[in-house]
Amino acid sequence: MGQIKYQLPPDEVLAPGHFACPGCGATLTMRYALKALGRKTVVVIPACCWSVIDGPVPYSAAGVPVFHTAFETAASTASGVKAGLDAQGDHETTVLAFAGDGGTFDIGLQALSGAAERNEDFIYICYDNEAYMNTGIQRSSATPFGAWTTTTPAVSPKAEKKKNIIEILAAHRIPYLATASVAYPDDMIAKIRKAKDIRGFKFIHVFSPCPPGWKFEPEDSIKISRMAIESKVFPLIEIIDGIDYALSKEPDGIPVRDYIKMQGRFRHLNDEQIGIIQANVTEDWERLRAKFAPTRKVSRSRRDESTGENKSSQTRNVTRTKNARKRAQKSRG
Amino acid sequence: MPKFKIRNGNQMIAEGAIAAGCKFFAGYPITPASGIYKSMIDELPKRGDVAIGAPDEISALAFCVGASQRGFKAMTATSGPGFSLMIETLQYAVMTETPLVIALVQRLGPSTGGATQGGQGDVLLAGNAIGGGYTIPVFSPSTPVESFELTIHAFNVAERLRTPVILLTDKEVGMTSENVDYSALPQSGIVDRKLFVRSNGETYGSYRFLLPDEVPEFAPIGGREKVTVTGSAHDKSGRLQKNSPETIEVLRHLHEKVVANSEEIIRLDIDAVDGADVIVISYGVSARTSIEAVAALRAKGERVSFCNLRTLFPIPEKEIKKAAGNAKKVVVVEENIVGLYRTQIERLFPDKKVSGVNAVGKMITPGDIEKEILSKN
């Protein structure tokens, strides 16, 4: 594999001197998000690592206005800020809600669902480090099966699967939904820029490694992110209107074990447990894979053998896709 | 033979809860209360009991209400922002006469405030969280040992009176570790709620009492008796009624059962000196500092009494007045801007000088207190 050269926007909106731990995925995510969105952005942050990372007043690393809000209110506060900007005729400023997995999957889910259902015109980025890291590594509903946290100790690691936030948001039929990873900044920035140009609710789920919480060396953050993609633990996808699924990068399909072995939070797992994780990942991947079939092709092939009723629903799908594409191309302003 | 272990207040609240028979804990991460969550996760499942992570604080307390209505002794732990979210369910627990304990480990507020900065700013919020002015017991430990002892007492009071109870500590008491002598831990009896036992075809009413200060007998929901749990105004059987005489009687009873039983709720630590000129009143971490200041002044020959308010609500009016005796000056020491609890003390002493030693965003020093005690103003 040759050397990868990224064409990142040169403007460093996020200044050095932040409070993050070395190797923090959330901080790289913010850096890329601000590169993609530019300085005409308001960031709304609920309680999470980033309420500390930005720095203590009067210092702020973010280079844009930061609205620190209560834990459960990121999506509601962002809705309010956007409504205020609209009412004042400012349709240029981008509103970005930037929340961790606890504030998204758990306590903020109600506000998030409301904003998605109303199709509020802002971008919501969830940087998912798979636990409450800022308060000392407690399990969230984003913590994967088998992981150690301080509240899912190694003697009884997390018994439940990670909540599928993507399917929850897809069910809201929002115009744009994507996953992204700090291992692929060009892909992440392209997705955030695309989100910026689409009207309505945009959700981007970012895989965000946490060296102290996952127990690995900070220099391995990117490697682990890449392995999450290649092992199909965290596929890179886009979903338009909650219906049209597209794969951004075909995974190599390395064993999940290789990804798990990198992290101390999985150290206690035996072969059987790793087998369960591999089986879950494979099953989820197959389910996802089935959704990638291009809508047009599927609708054409099915039309031959389907009833008139089905035909009309397939046609509707195609229409939605066309509208979404149109919307995606339409510039804001 | 002393048997020392290094423990902080949060750990001792968890140990006290387990000693009191707590079998259910629901937690949500928040500094500086997460240590209780962690200890309960480590300990309860080992005993076959339940400790669970909730998706938010509203759920955490509602979990406890549900478990308690099945007969389990239940607890949650939080700090200011989480407590704010719990208030609706706390009121529900008062209305439904649900025994449970909330450990509220205070940090600098309001709002998100300072997660890692101590404070004593939630004292009146805890004591006045219930619409209509209903009193819920609020206890305030100042050491790991008191945390243990008052947690057991909190569970006992909750069970005995079928009421939610708040254990109000602060970041310093919760997270500061010190030597605890386990051979000298206070021994307390354990109280369980009074269960309804059916006799002679008697029917059950979820909220039945004869005299207003009596506590209704408990039957678990989903058991043999028809139980109605409701936050709406209700009669003694739990039937929803707006303002029938029986419903008004139930509402008065919610107040009466706590106030009339104040004496068994109230625990104070009074260190009175005959003929004292000044009494220092404090609670939580500030009580620790006050003890140091009082001792230093006594060594210099000053006559100073001291009262550690281990019970904040119901307000121990009689006991505080007695402790003050003929002292001319009352000094209330607490870590908030305006002297929150001082406002409750002032009205007890219209003929005495009541002053405060306060701080916000930093701890009070013994020197601050000594200066105020000696001040002629």
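This is a predicted model: local features need pLDDT of at least 70, side-chain atom pairs count only at pLDDT 80 or more; totals for chains, interfaces and linings use all residues.
Does B:Asn200 count as buried or exposed?

Residues are numbered from 1 along each chain as its sequence is written, chains are lettered from A and ligands numbered from 1 in the order in which they are written, and side-chain values use heavy atoms, leaving out hydrogens and water.

Let's start with chain B. There are 13 helices and 14 strands in chain B; these are DSSP runs, H or I of at least four residues for helices and E of at least two for strands, numbered from the N terminus. Of the 377 residues of chain B, 56% are buried, meaning under 20% relative accessible area, with exposed over 50% and partly exposed in between (1.4 Å probe, protein chains only).

Now, two cis peptide bonds. One joins B:Thr31 and B:Pro32, with omega about 5°, and B:Pro32 sits in the loop between β2 (22-27) and α2 (34-43) of chain B. Another runs from B:Gly109 to B:Pro110, with omega near 0°; B:Pro110 lies in the loop between β5 (100-106) and α5 (123-127) of chain B.

Back to our opening question. B:Asn200 is exposed, at 83% relative accessibility. This residue is not a glycine, yet has a positive phi of about 50°, and its place is the loop between β8 (178-181) and α8 (245-259) of chain B.

Over in chain A, A:Arg173 also has a positive phi, about 55°, and is partly exposed at 43% relative accessible area.
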